[in-house]
Amino acid sequence: MTTVHERVDTFHDNDQKPVGYGRMLRKEDPRFVRGRGRFVDDVRLPGMLHLAILRSPVAHARILSIDTSAAEASPGVKAVVTGAMLAEQGLAWMPTLSNDVQAVLATDKVRFQGQEVAFVVAEDGYAARDALELIDVEYDVLDPVVDARRALEPDAPVIRDDLEGKTDNHCFDWETGDEAATAAVFARADVVVSQDLVYPRVHPAPMETCGAVADFDPVDGKLRLWSTTQAPHAHRTLYALVAGIPEHKIQVISPDIGGGFGNKVPIYPGYVCAIVASIVTGKPVKWMEDRSENLISTGFARDYIMRGEIAATRDGRILAIRTNVLADHGAFNGTAAPVKYPAGFFGVFTGSYDIEAAYCKMTAVFTNKAPGGVAYACSFRITEAVYLVERIVDCLADELGMDPAELRLKNFIRPEQFPYTTKTGWVYDSGDYEPTMRLAMEMAGYADLRREQQEKRARGELMGIGIAFFTEAVGAGPRKNMDILGLGMADGCELRVHPTGKAVVRLSVQSQGQGHETTFAQIIAEEIGIPPDDIDVVHGDTDNTPFGLGTYGSRSTPVSGAAAALVARKVRDKARIIASGMLEVSVADLEWDKGSFRVKGDPGKSVTIQDIAMRAHGAGDLPEGVEGGLEAQICYNPSNLTYPHGAYICVVDIDPGTAQVKVRRFIAVDDCGTRINPMIIEGQVHGGLADGVGMALMEMIAFDEDGNCLGASLMDYLIPTALEVPDWETGFTVTPSPHHPIGAKGVGESATVGSPPAIVNAIVDALEPFGVRHADMPLTPSRVWDAMRGNARPPI
Amino acid sequence: MQVTMTVNDVEVTREIEGRLLLVHFLRDVLGLTGTHSGCDTSNCGTCVVWLDGEPVKSCTVLAAMAGGHEVRTVEGLAKGAELDPVQQGFMQCHGLQCGFCTPGMMMTARALLNRNPDPSEEEIREAISGQICRCTGYATIVRSVRWAAVHEANAAAAVTETTESPEAGEIDNAGQPAGSVA
């Protein structure tokens, strides 16, 4: 398990390197640059109607009455549907991905501002919106629960009185690690540092919002649903369970998706409304939410209120980490995570360090806010885990007066310790952390930066250097303990080689911009020697792809990528047998030369994979027992997650007069094992780093005391533009995953996970002259200004 | 009401409601779905098209206001089968991922290059600052626009000097394959 600096194959035209890994330009791009993508809102069907949703203006209220008569009489309106009408069909509530239930349309009361109350179906979108204005709802407003810290107070209003016997706002408790052993280590430690940290509620806000086109055919009973889903197969199964339509009569089509970022994993009420509307009207129905609806009602991210504690020796040996978490889950527990992991993979909060003990205790509560929690490239709560450990390690460095880079280097898990079992039970597959860290420091010119900082401090200028070193856990997951509502987290793959040697590969995962149509062709090409341009990648259509759990948690490469490599090897094994017949030698006498089999010792005798494909489909005998055709399919059950890692260094400058933070440099060194396409990885990293700048400096879904959402449009929910981000500096090391067929680990979420603590660490470092040890995100100018004046306050 | 405008060099006349937004006219009436809609507050710029050669957010223009004017959308960016250098640049420099912001970004970039054929990185960032991309982190978009600028400058030089054209690819990505500095 050595870390090497890989030679990068760079080529500008795809035909320069027809096979395998390297910087291949994307097969997706030609349609997108011509405006020929096929997104859900581009779908137009004959007779298609449009659906718009009426939403609650208040956070918590009993519904006394709904009068739809004026809306029904409005021009162009075909149907107006309320929760009471859905309840008659048993469809007013639906299951969430966390075994809770969520109202499709509110029946008894509303539980968050923006909740779905009724919908209108009309001939066009404008008419549907007009009619929404004419629906009269009478509310009896109740006190809302806004602050999660007060949700469990005895007099707190009970939000979930729909659940039988529910008398409080408790959602769940969870713990991991060894409480007693951790307490013992803390009791004998030289140094104990504790710090309260808030990871505020943010939102993935993909540029394309959520939407669907439902087309139910009453004659053959088949439902076709185009929708913005990252997990089309899982959605199909859930629709079958909820709506009672059999699975073989449901076709979910996830076409081009304009970014997902975890926002498009859950099933939203709008999808169900569109299906109901199509069944009711007998016409195709389109629902496309607007930005405000997306921000106010669909899956949020984070919202963890954490206390971090770290125990160490005086010379900087980290002994134990302990944390207590209060998780705000909103009004319904809609967290998208494997069933046995209600806090996702937060258990990796011990990070990249070899410690003696760890313990986490968590309580999750209901509040009058939209459901969600797991989204926005969090890898199932690893954003929160990495933020916790990387902030508390910096607090320790501050306490010890140690350089934060030195403290990390001193405590890294060493390469010979892998596979390494953490004190919370996670088995890290591989890692060589020090070279990654050293490379980042070298790229940054770390020693020079520290000198520059000293000089600037002497002049009263505010410059900060922040480090984050993270270990990710991606590729859920082994079916023995990971499932989504009973569906094991495996992925299928099917490869079919046509007679002329062209191929089609069908995936169960669903790209939302990550370049699967390119990189999966590269995996197949590497394994079977067919040029990637001759391989079509099909995904997102449940009628035409094998079953699997979709794309989130950076799981495509670890799970589906493994499936692709193995299905190609299966086809290659068959090709070898056919080749032995064609060359009239035994299988053992053949050697593979990426694209052809040749006879050992006689390289003049060979057949290409294209020759073999034609033979497999053509006339003439095949070796005994071999069926015609050249195809295979598999379902891959991963044995473990993959654990990519990275070293990030951020340099910020803060204007002492305005408290404006400028991210001047950002150095990101990632190690995701074998690199399939360096160009695509670089793009994934860039995007995640911009997420980090957004979360650290600008983004937050806030609420006032009445439960009004204060971040429900792009006027207030600020996302970085090209002016707020620097030109990123990226590097890499390569430590393959030993259990993965091609040694590749996931990477898509690494930068979103790793960058926020690096930026916050840099800002806190810059504010050292003011005695600041911590300040919570988002570090807007006003919040930095407050911190400089000793008034750093949590954002919620 | 009736509106007549020129869209991608073709004159179109349609009966519309006065309140119809230009973005919906292009997408829903004309079927030009390359132009997207990503927000409701005029911030995101996924709907950028040209009105008489200038980039505008078509979600913030009434279709009626475009009457008598020339509109150009992403579908009218290529010259026949030949892609505009901006389109080529986005492909060469990985300036797009999900592709949702791409049409608007490219329309703004083309307009920038039309008035400033050699923009600096800062000028490019300023030009696209009314537009949001969630996938790329912007750096490769900046490189894509620079690629187009350099490519066009080289092509122009090749025409005027009738000497051998320098390889645009040599400047591609500013020599930036994602690699270590080691």
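Mentor: The model is predicted, so local features need pLDDT of at least 70 and side-chain atom pairs count only at pLDDT 80 or more, while totals for chains, interfaces and linings use all residues. Residues are numbered from 1 along each chain as its sequence is written, chains are lettered from A and ligands numbered from 1 in the order in which they are written, and side-chain values use heavy atoms, with hydrogens and water left out.

Trainee: How do you know which residues of chain A and chain B are in contact, and how many are there?

Mentor: Contact means heavy atoms within 4.5 Å. By that rule, 67 residues of chain A are in contact with 61 residues of chain B.

Trainee: What makes up the area that chain A and chain B bury between them?

Mentor: Buried area is the accessible area (1.4 Å probe) that two parts lose on being put together, summed over both. Here the value is about 5,100 Å², with 55% of it on carbon and sulfur atoms. Of the area that chain A buries against chain B, 16% comes from V33(A), Y126(A) and M207(A), more than from any other three residues.

Trainee: Why is the pair E682(A) and R143(B) called a salt bridge?

Mentor: The term requires a side-chain nitrogen of Lys or Arg within 4 Å of a carboxyl oxygen of Asp or Glu. In this pair the closest N and O atoms are 3.3 Å apart, and the pair therefore meets the rule. Between chain A and chain B the count is seven salt bridges.

Trainee: Which element gives the most to the side of chain A that touches chain B?

Mentor: That is α16(A), with ten residues. Helices (H or I, at least four residues) and strands (E, at least two) are DSSP runs, numbered from the N terminus.

Trainee: Why are β2 and β4 of chain B said to stand at the edges?

Mentor: Two strands pair if DSSP finds at least two bridges between them. The open sheet in chain B has five strands in the order β2-β1-β5-β3-β4, with mixed pairing. Both β2 (10-15) and β4 (54-57) of chain B have a single partner strand, so one side of each is left without a neighbour in the sheet.

Trainee: What makes β1(B) and β2(B) a pair?

Mentor: Strand β1 (residues 2-7) of chain B and β2(B) share six bridges in the antiparallel sense, and six against the required two is enough, so they pair. T4(B) has T13(B) in β2(B) as its bridge partner.

Trainee: What is the order of the four-strand open sheet in chain A, and which strands are at its edges?

Mentor: The order is β22-β32-β33-β34 (chain A), with mixed pairing. The edge strands β22 (462-471) and β34 of chain A each pair on one side only. D670(A) has F732(A) in β34(A) as its bridge partner.

Trainee: Why are some backbone spots picked out?

Mentor: Most residues other than glycine have a negative phi, and most peptide bonds are trans. S554(A) is not a glycine, but has a positive phi of about 50°; this residue is in the loop between β27 (535-538) and α14 (556-583) of chain A. F418(A) and P419(A) are joined by a cis peptide bond, with omega about -5°. P419(A) lies in the loop between α10 (404-411) and β20 (420-421) of chain A. The bond from M777(A) to P778(A) is also cis, with omega near -5°.
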